[in-house]
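Subject: the model I promised you

Hi,

Have it open while you read.

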Amino acid sequence: MADDQRLWGYPEVAAHLGISVGATRSRKSRGSLPSPDDDSVPDRPRWKPSTFHNWRPVGRGFRRDLHGSPQQEATPTD
């Protein structure tokens, strides 16, 4: 199966986000994750890896500085 056809379950999404599987399930139940690409199996949502490429979580506790978000640095003026 090609990489673009592989689907992620909770463990893979948790590893990608750097959080626990329990926290991933909690975010899913609160609607804080993108909609699953495959929800044909009850209690086993699956996502395409590409779904998370440009997606960023919103809310408390997300550290953009750890996830490569560009930061504007103040430059001293003399």
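Let me begin with Arg46, which sits in the segment after helix H2. (Helices here are DSSP runs of H or I with at least four residues, strands are runs of E with at least two, and both are numbered from the N terminus.) Before going on, a word on where this comes from: it is a predicted model, so local features need pLDDT of at least 70 and side-chain atom pairs count only at pLDDT 80 or more, while totals for chains, interfaces and linings use all residues. Residues are numbered from 1 along each chain as its sequence is written, and side-chain values use heavy atoms, with hydrogens and water left out.

Back to Arg46: it counts as partly exposed, at 32% relative accessibility. Buried means under 20% relative accessible area, exposed means over 50%, and partly exposed is in between, using a 1.4 Å probe and protein chains only. Not counting residues up to four places away in sequence, Arg46 touches Leu7, Trp8, Gly9, Pro36, Asp37 and Asp38; contact means heavy atoms within 4.5 Å. Arg46 and Tyr10 are 36 residues apart along the chain, yet their C-alpha atoms are separated by 7.6 Å.

Leaving aside neighbours within four places in sequence, Gly9 is in contact with Pro45, Arg46 and Trp47.

Now the overall picture. The chain has two helices and zero strands. Of its 78 residues, 21% count as buried. The accessible surface comes to about 6200 Å², and 45% of that belongs to carbon and sulfur atoms (areas are from the Shrake-Rupley method with a 1.4 Å probe, and for residues only the protein chains shown count as cover). If you take contacts between residues at least 6 apart in sequence, 36% of them join residues at least 24 apart.

On to the helices. Which residues of H1 are buried? In this helix, residues 10-17, they are Tyr10, Val13, Ala14 and Leu17. Looking down the axis of H1, these buried residues fall within an arc of 100°, so they line one face of the helix; the arc is that of the directions from the helix axis to the C-beta atoms. As a reminder, an α-helix has 3.6 residues a turn, so residues three or four places apart point the same way.

What do the buried residues of H1 pack against? The answer is helix H2, residues 21-30. The axes of the two helices come within 8 Å and cross at roughly 100°, which makes H1 roughly perpendicular to H2. Axes here are lines fitted to C-alpha atoms, for helices over the stretch in contact, and angles run from 0 to 180 degrees between N-to-C directions. Angles under 35 degrees count as roughly parallel, over 145 as roughly antiparallel, 65 to 115 as roughly perpendicular, and the rest as oblique. From H1, Tyr10, Pro11, Val13, Ala14 and Leu17 meet Val21, Thr24, Arg25, Arg27 and Lys28 of H2.

Thr24, in H2, counts as buried at 0% relative accessibility. Apart from neighbours within four places in sequence, Thr24 is in contact with Tyr10, Val13, Ala14, Ile19 and Leu33. From Thr24 to Gly9, 15 residues apart along the chain, the C-alpha separation is 10.0 Å.

A search of the whole structure finds four aromatic pairs. (Rings of Phe, Tyr and Trp, taking the six-membered ring of Trp, pair if their centres lie within 6.5 Å; planes under 30 degrees apart count as stacked, over 60 as edge-to-face and the rest as tilted.) The rings of Phe52 and Trp55 have centres 5.4 Å apart and planes at 90°, so that pair is edge-to-face. Phe52 is buried, with a relative accessible area of 1%, and Trp55 counts as buried at 18%. Trp8, Tyr10, Trp47, Phe52 and Trp55 form one aromatic cluster.

Most residues other than glycine have a negative phi. Asp43 has a positive phi of about 65° although it is not a glycine. Asp43 is in the segment after H2 and is exposed, with a relative accessible area of 69%.

Cheers
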